[in-house]
Amino acid sequence: MKLSEIKEILSTLDNVEFQLENGAFVPEHFHVTEVGTVIKHFIDCGGVIRHEKVVNFQLWNANDFEHRLKPGKLLNIIKLSEEKLGIEDGEIEVEYQNTTIGKYDLEFNGRTFVLKNKTTACLAQDACGIPAEKQKVSLSELSSNKTSCCTPNSGCC
């Protein structure tokens with residue numbers, strides 16, 4: 001989800017709710033403690049230099065059980081970050097601590113924002129020797145070769 005999309009969605013909501021992909025909700029007293037840009041400049045295992053840039057939101061749970069972030073407040077935080085930091089419209093990555101700090105993609109299911117699990121991947125599979133995934137075939141789909149050179153009791157097997 002891009003920053004422009006969350007701003008559009010927030011303007012239509014009464015409440016802000018985040019949900020993990022497994023269905024568990026982020027406690028409703030969460031805070032958005034950071035909005036910023038994260039730039040990653042790296043080299044992959046194939047020697048290609050890469051740049052990634054995302055808009056980062058950090059969610060945090062405090063012992064402030066009466067806290068409820070309203071859509072207008074989050075829109076103001078986003079607007080301030082755009083003005084002060086020059087944040088551009090980009091893909092959003094959410095940091096949230098469950099058992100450890102996780103990074104999530106963001107989607108909207110029509111009611112809540114969903115933190116989608118991210119995965120790692122090799123960006124240079126052709127250069128670092130990762131074999132192509134073999135096609136899985138069911139044994140029942142293999143045709144039998146009726147003209148086999150080996151027959152029972154021939155001694156070749």
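This section describes the fold, the helix packing, the salt bridges and selected residues of a predicted protein model.

The model is predicted, so local features are reported only at a pLDDT of at least 70 and side-chain atom pairs only at pLDDT 80 or more, whereas totals for chains, interfaces and linings use all residues. Residues are numbered from 1 along each chain as its sequence is written, and side-chain values use heavy atoms, with hydrogens and water left out.

The protein chain contains three helices and six strands, where helices (H or I, at least four residues) and strands (E, at least two) are DSSP runs numbered from the N terminus. Along the sequence these elements follow the pattern α-β-β-β-α-β-β-β-α. Of the 157 residues in the protein chain, 30% are buried; buried denotes under 20% relative accessible area, exposed over 50%, and partly exposed the range in between (1.4 Å probe, protein chains only). The chain exposes about 11,200 Å², of which carbon and sulfur atoms supply 49%. Accessible areas were computed by the Shrake-Rupley method with a 1.4 Å probe, and for residues only the protein chains shown count as cover. Among contacts (heavy atoms within 4.5 Å) with a separation of 6 or more, 65% join residues 24 or more positions apart.

Helix α1 spans residues 3-10, and its residues Leu3, Ile6, Ile9 and Leu10 are buried. These residues cover an arc of only 125° around the axis and therefore lie on the same side of α1; the arc is that of the directions from the helix axis to the C-beta atoms. In general, an α-helix has 3.6 residues a turn, so residues three or four places apart point the same way. The buried residues of α1 pack against β3, α2 (71-85), β4 (92-97), β5 (101-108) and β6 (113-117).

Nine salt bridges were found in a search of the whole structure, a salt bridge being a side-chain nitrogen of Lys or Arg within 4 Å of a carboxyl oxygen of Asp or Glu. In one of them, the side chains of Glu17 and Arg111 meet at an N to O distance of 3.6 Å. Because Glu17 lies in the loop between α1 and β1 (18-20) and Arg111 in the loop between β5 and β6, this pair ties together parts that are 94 residues apart in sequence. Glu17 is partly exposed at 27% relative accessibility, while Arg111 is exposed at 52%.

A salt bridge also joins the side chains of Glu88 and Lys53 (3.6 Å, N to O). Glu88 is placed in the loop between α2 and β4 and Lys53 in strand β3, so the pair ties together parts that are 35 residues apart in sequence. The relative accessible area of Glu88 is 51%, which counts as exposed, and that of Lys53 is 48%, which counts as partly exposed.

In a further pair, Glu93 forms a salt bridge with Lys118, with the closest N and O atoms 2.9 Å apart. Glu93 belongs to strand β4 and Lys118 to the loop between β6 and α3 (125-128), so parts that are 25 residues apart in sequence are tied together. Glu93 is buried, with a relative accessible area of 8%, whereas Lys118 is partly exposed at 36%.

Asn56 is located in strand β3 (residues 49-61) and is buried, with a relative accessible area of 3%. Neighbours within four places in sequence being left aside, Asn56 is in contact with Glu34, Val35, Gly36, Val38, Glu93 and Glu95. Glu93 in this list is the salt-bridge partner of Lys118.

His67 lies in the loop between β3 and α2 and counts as buried at 18% relative accessibility. The side chain of His67 reaches the backbone oxygen of Phe30 at 2.9 Å. When residues up to four places away in sequence are not counted, His67 touches Glu28, His29, Phe30 and His31.

Cysteine pairing was examined last. A disulfide is a covalent bond between the sulfur atoms of two cysteines. With a disulfide taken as a pair of cysteine sulfur atoms within 2.5 Å, the count is zero. Cys45 is exposed, with a relative accessible area of 53%, and Cys122 is partly exposed at 27%.

Definitions and conventions:
Polar contact = N/O pair within 3.5 Å; in protein donor to acceptor, adjacent residues only side chain to side chain.
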